[in-house]
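Welcome, and thanks for taking a look at this one. Here is a short briefing to read alongside the structure.

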Amino acid sequence: MPKPSTSESLERTTRQLLGGLRLAVLAIAATVLLLPLSFIRHLHVYQPLWPQLLAYGTLLAVVAAESVLIVRHRAWPVIRWAALAAVFGAALLSRAFLPAGATVSAADWIFGALGWTAAILLLGRSLWYLVAFLAIHETCTVVKVLVTGPATSDVLLNLAAGSLGTIGYPLASGMAALALRRVAVAADRASQQAEQARTANAIEAEVHAHRQRRFADLYESAGPLLQALAERTIDLEATDAQHRCAVEAARMRRLFAETDTAADPLVHELTQSADVAGRKGVVVDLETRGIWPEMPVPIRRALTEPIVKAMSTAISEARITVVGTPGVVSVNVVADCAPVDTADGGSAVRVNSLSEDRFTWVEAQWTTTSSPP
Amino acid sequence: MDDNVITAVVIDDHEVIPVGIRVWCDEAKPPIRIVDHATKISAAWTGPGAQAHVVILDLGLQHGRQAFNELRRLNESRRHVVVFTQDASSKTAIKCIDLGALAYVTKNEGPQHLVAAIRAAAQGLSYTPPSLSGAIAADDDPNRPQLPPREIDALRAWCGSRSKSMAARSLGISVSTLETYIERARVRYASAGRPAPTKAALMARAIEDGLMGIEDLSANTSELDTKRIGAPDKPA
């Protein structure tokens with residue numbers, strides 16, 4: 001079964017596939033009704049004439065309506081059921097006023113036409129509606145022949161041969177419609193899967209490109225350091241070298257943190273750099289107050305960068321505080337660390353660094369573009 | 001016994017916390033005397049605790065239930081309460097000062113802020129440690145008192161730097177001005193929300209000290225009263 005969310009696209013696919021069959025059924029119904037002219041040839045037989053004209057007009061109206069609907073690419077509205085009742089009524093009327101013994105004869109024009117008219121009305125619905133309608137039609141015909149008609153072997157043969165065309169062929173068209181509807185369901189599902197696959201591919205490509213860009217940034221800073229480590233041209237005993245390693249380690253952690261979908265990327269990145277400092281034996285406390293909007297990655301990086309730098313030189317303790325107030329996001333660290341270059345933040349992020357006794361306070365502040373409420 | 005010594009009672013369901021607080025208070029200069037400690041609130045109402053200047057109350061008192069009712073009753077009896085808690089959420093902090101707590105100190109803020117809070121509370125004064133300062137600055141409750149930008153800046157700088165002198169330097173103001181801004185913000189909160197004796201005393205003191213004019217507060221409260229019409233679920 002198709003899911004409700006896909007019903008619209010399924011309907012479209014079904015309409016496309018059933019279009020040809022619908023046209024064929026209309027053509028057959030119109031031909032059956034108009035071309036053999038059995039109705040016109042027997043006008044003198046019908047006494048009175050008006051029930052036959054009324055019935056004929058009803059069926060013709062359905063054929064005409066279907067032509068208009070096909071041209072307009074529309075399905076039958078709810079009026080379908082009223083039309084079905086009308087054509088069945090037309091059949092009862094026509095049959096009631098046929099001369100005795102004329103049932104299933106050449107004069108019984110509606111015997112052949114009714115099935116196709118019903119097929120027009122029921123093609124878009126479950127096959128069982130058409131089956132039921134044709135069964136009722138056939139039952140009525142048989143009953144009429146047995147009750148009123150002379151049930152001679154000729155008449156019974158006529159009935160059997162006629163039924164093949166009047167019941168069998170419309171039924172076959174209904175079964176074709178059923179098969180096409182099943183194909184439509186499968187086609188629709190396949191097209192949706194293809195669509196999903198295309199979307200997933202596009203997302204994956206974008207994520208990959210994004211990751212490449214970020215790793216490119218990392219290669220610029222970590223690359224030379226890793227190379228120096230490999231070539232043993234760096235003195236690992238030197239404090240400066242150790243700090244460079246600590247900073248790059250924190251950067252890498254931050255980069256890896258960017259790839260996962262944490263609830264708050266800013267806090268998550270700070271947690272990662274806090275972990276790095278924690279491994280060096282620095283006691284890190286992280287506190288957040290308030291809320292802040294989602295921010296572009298460059299802003300987030302500008303906010304965390306000074307904090308990461310300060311943390312990398314912290315000796316024993318660091319307190320990170322993030323405060324979000326209307327219009328301002330402030331990221332702070334107080335640590336026994338070296339002062340940080342305040343020109344780091346770029347235009348959007350203001351960095352402030354103050355020292356007192358052995359502690360340094362570094363604040364990176366971003367004034368969000370949205371005005372405070 | 002010296003009558004000037006500040007006395008306090010500790011209500012905390014962790015046995016080790018009162019021991020730590022007692023050490024901090026003994027080391028404080030001048031020392032603060034812990035007259036009793038217990039896991040049940042009754043120690044603040046009976047025995048030596050009933051006369052203590054300050055009640056140090058752990059919020060997570062009864063198996064996860066927060067002791068808001070206990071805090072409210074203490075305030076109704078004009079007791080000076082310092083909330084000392086593990087719970088660092090801003091909502092809880094704001095609720096405690098709304099119920100009349102003179103200070104809200106989180107357990108990782110250490111002795112420096114707890115001792116300062118106890119000293120202020122003994123005189124019926126508020127103390128705003130960095131965490132509470134951040135909670136007030138970042139409060140986004142639609143019914144919050146309106147704070148001028150300079151007061152929010154002061155609260156944020158104090159919260160981020162944990163040093164009043166550095167915070168004042170970064171804002172280009174003196175430490176006493178910074179303290180005034182923080183205190184004014186705090187008094188605006190005292191004039192908002194539920195009436196509580198300690199809050200009324202804070203407001204009266206602020207006006208006496210010339211910290212705020214009566215018009216500052218009345219403008220603030222009338223604005224709040226208007227707003228509260230739309231928020232009937234917040235008890236007056």
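This is a predicted model: local features need pLDDT of at least 70, side-chain atom pairs count only at pLDDT 80 or more; totals for chains, interfaces and linings use all residues.

**Annotated spans in chain A**
- In UniProt, an unreviewed entry lists residues 21–41, 53–71, 78–98 and 159–180 of chain A under "transmembrane region".
- For residues 78–98 of chain A, the span is 86% helix and 0% strand, and its end C-alpha atoms are 32 Å apart.
- Residues 159–180 of chain A form a span that is 100% helix and 0% strand, with 31 Å between the end C-alpha atoms.

**Aromatic pairs**
- Across all chains, the whole structure holds 5 aromatic pairs.
- One of them joins W50(A) and F97(A): the ring centres are 5.7 Å apart and the planes meet at 50°, so this pair is classed as tilted.
- W50(A) belongs to helix α3 (residues 50–71) of chain A, while F97(A) is in the loop between α4 (79–96) and α5 (109–122) of chain A, so the contact ties together parts that are 47 residues apart in sequence.
- F97(A) has a relative accessibility of 31%, so F97(A) counts as partly exposed.
- Y56(A) and W109(A) also pair, with ring centres 5.4 Å apart and planes at 70°; because the angle is over 60 degrees, the pair is edge-to-face.
- Here helix α3 of chain A supplies Y56(A) and helix α5 of chain A supplies W109(A), so parts 53 residues apart in sequence are tied together.

**Charges over rings in chain B**
- K95(B) places its charged end over the ring of F68(B), at 4.0 Å from the ring centre.
- Likewise, the charged end of K164(B) sits over the ring of W158(B), and the distance to the ring centre is 4.9 Å.

**Strands and a crossover in chain B**
- Which way do strands β1 and β2 of chain B pair? Strand β1 (residues 6–11) and strand β2 (residues 32–38) of chain B run in the parallel sense, paired over 6 bridges.
- For a handy landmark, look for V9(B), which stands opposite D36(B) in β2(B).
- Together with helix α1 (residues 16–27) of chain B, β1(B) and β2(B) make a β-α-β unit, and this unit is right-handed.

Note on methods:
Residues are numbered from 1 along each chain as its sequence is written. Chains are lettered from A and ligands numbered from 1 in the order in which they are written. Side-chain values use heavy atoms; hydrogens and water are left out. UniProt positions are given in the numbering used here, feature names are shortened, and annotations may be inferred rather than shown by experiment. Helices (H or I, at least four residues) and strands (E, at least two) are DSSP runs, numbered from the N terminus. Rings of Phe, Tyr and Trp (its six-membered ring) pair if their centres lie within 6.5 Å; planes under 30 degrees apart count as stacked, over 60 as edge-to-face and the rest as tilted. Buried means under 20% relative accessible area, exposed over 50%, partly exposed in between (1.4 Å probe, protein chains only). A charge sits over a ring if NZ of Lys or CZ of Arg is within 6 Å of the ring centre and within 35 degrees of the ring normal. Two strands pair if DSSP finds at least two bridges between them. A crossover is right-handed if, with the strands pointing away from the viewer, the path from the first strand over the helix to the second runs clockwise.
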